Amino acid sequence: MPELPEVQTVVVGLNRKVRNLEIIEVWTDYKSDYYKGKKNIKDPAFFKKFKKEVLGQKIIKAERRAKNIFIYLSNQKIIFVHLKMTGHFLFGDFIYNKGEKKYIPKDKNSPLNDRLNQFVHFVLVFENNKVLALSDMRKFATVSIISAAEKDKVKNILGPEPFGLKISDLNLERFKNGKIKTVLMNPEFIAGIGNIYSDEILWQVGIHPETIVKNILKTKWKEILDFAEKILKSSIEIGGDSMSDFRNIDGEKGKFQNKHKCYKLENTKCKKVGCGGILEKKKVGGRVARFCPKHQKI
Ligand SMILES: [Zn+2]
């Protein structure tokens, strides 16, 4: 699932590619009864409205808050996207294949044609005939259109962004009885951290994923916040994590998967110098945590 660095990579890509372009066509084959009557393009009635609002508009800019993407249009409306499990945007030359009823990249040898980019379910076509395509293998991504006031509502329920944070910015009282891994992954506590980065942060600071928040010392919290920022920024710099299906807007992989210290490394030797532990995995709050039982103590 894309986490903060991957979504940031998407937004940087969007701002590089689609600013000032006019939308001349919109297409989707998303359709789900579950979304009937909801503000989501998976409801065909809503998609009609969506289409009316976006056609002829220019894209002003894209913005990230937590793992949400806001794409601002020239008519003050905002396309609101959550990539969920497997969504990622691609930009380039696509053609509509009438036989297969889907958009495919013109150039078969382009990274846009990567196996994991072939699940295009939503498309914006621009005046220069370039295409912004949302590839989404599991089809859990959500696309809507909202007003500025609705956007503020989404933004306000989220916790702070994990950059330049002080302990006083955290709502430790509300989350004091939670397990640290579960709490770190809660977007109302800190925005944007998911399974990969919570494992990596806790490995770095030497805290067991099941440690109860109220038992963590203030000095340790400073380390958690410092490492969270450092790890997330280092992943953004190298284009995010593509161990799973994430690809950037050009269809290419990020490189953070090569830097993992513990995520998906269970049963291997701990990489911490002089530790000698063997990494384990365990379910914590419904998610699989990877950790070193030797240097990550409760
Ligand atoms: Zn270790």
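This is a predicted model: local features need pLDDT of at least 70, side-chain atom pairs count only at pLDDT 80 or more; totals for chains, interfaces and linings use all residues.
**Entry 1: cores**

I started with the nonpolar side chains. In general, soluble globular proteins tend to bury them together. Here the largest nonpolar core holds 34 residues. I noted the ones with the most contacts inside that core: Leu-14, Phe-50, Ile-69, Ile-79, Phe-89 and Phe-122. There is also a second, separate core of 26 residues, and its members include Val-183, Leu-225, Phe-256 and Tyr-263.

What does Ile-79 touch, leaving aside its neighbours within four places in sequence? I found Phe-50, Val-54, Ile-69, Phe-70, Ile-71, Leu-73, Leu-124, Val-143, Ser-144 and Ile-145.

**Entry 2: strand β10**

Strand β4 (residues 78-82) runs antiparallel to β10, with five bridges joining them. Across that pairing, Ile-79 stands opposite Ile-145.

**Entry 3: salt bridges**

Next I went for the charges. My count came to 23 salt bridges, and I followed up a few.

Glu-25 pairs with Lys-51, with the closest N and O atoms 3.7 Å apart. Glu-25 sits in strand β1 (residues 23-28) and Lys-51 in helix α2 (residues 44-54), so this bridge ties together parts 26 residues apart in sequence.

Glu-161 pairs with Arg-64, with the closest N and O atoms at 2.8 Å. This one links distant parts of the chain, 97 residues apart: Glu-161 is in the loop between α3 (148-156) and α4 (180-184), and Arg-64 is in strand β2 (residues 59-65). Arg-64 has a relative accessible area of 15%, so I put it down as buried.

Lys-282 and Glu-210 also have their closest N and O atoms 2.8 Å apart. Lys-282 belongs to strand β11 (residues 280-284), and Glu-210 to the loop between α5 (195-205) and α6 (218-237), 72 residues apart. Lys-282 is partly exposed at 38%, whereas Glu-210 is buried at 16%. I also noted a network in which salt bridges with shared partners join Arg-16, Lys-17 and Asp-250.

**Entry 4: rings**

Searching the whole structure for aromatic pairs gave me 11. Tyr-34 and Tyr-35 have ring centres 5.0 Å apart and planes at 85°, so I logged them as edge-to-face. Tyr-34 is exposed, with a relative accessible area of 58%, but Tyr-35 is buried at 17%.

Phe-70 and Phe-80 came out stacked, because their planes are at 15°, with centres 5.3 Å apart. Phe-70 lies in strand β3 (residues 68-73) and Phe-80 in β4, so the pair ties together parts 10 residues apart in sequence. Both count as buried: Phe-70 at 0% and Phe-80 at 17%.

I also found one aromatic cluster made up of Trp-27, Tyr-96 and Tyr-103.

Last, I checked for charges over rings. The charged end of Lys-38 sits over the Tyr-35 ring, 5.9 Å from its centre. The charged end of Lys-61 sits over the ring of Tyr-72, 4.8 Å from its centre.

Conventions. Residues are numbered from 1 along each chain as its sequence is written. Side-chain values use heavy atoms; hydrogens and water are left out. A nonpolar core is a set of buried Ala, Val, Leu, Ile, Met, Phe, Trp, Tyr and Cys residues joined through side-chain atoms within 4.5 Å. Buried means under 20% relative accessible area, exposed over 50%, partly exposed in between (1.4 Å probe, protein chains only). Contact means heavy atoms within 4.5 Å. A salt bridge is a side-chain nitrogen of Lys or Arg within 4 Å of a carboxyl oxygen of Asp or Glu. Helices (H or I, at least four residues) and strands (E, at least two) are DSSP runs, numbered from the N terminus. Two strands pair if DSSP finds at least two bridges between them. Rings of Phe, Tyr and Trp (its six-membered ring) pair if their centres lie within 6.5 Å; planes under 30 degrees apart count as stacked, over 60 as edge-to-face and the rest as tilted. A charge sits over a ring if NZ of Lys or CZ of Arg is within 6 Å of the ring centre and within 35 degrees of the ring normal.
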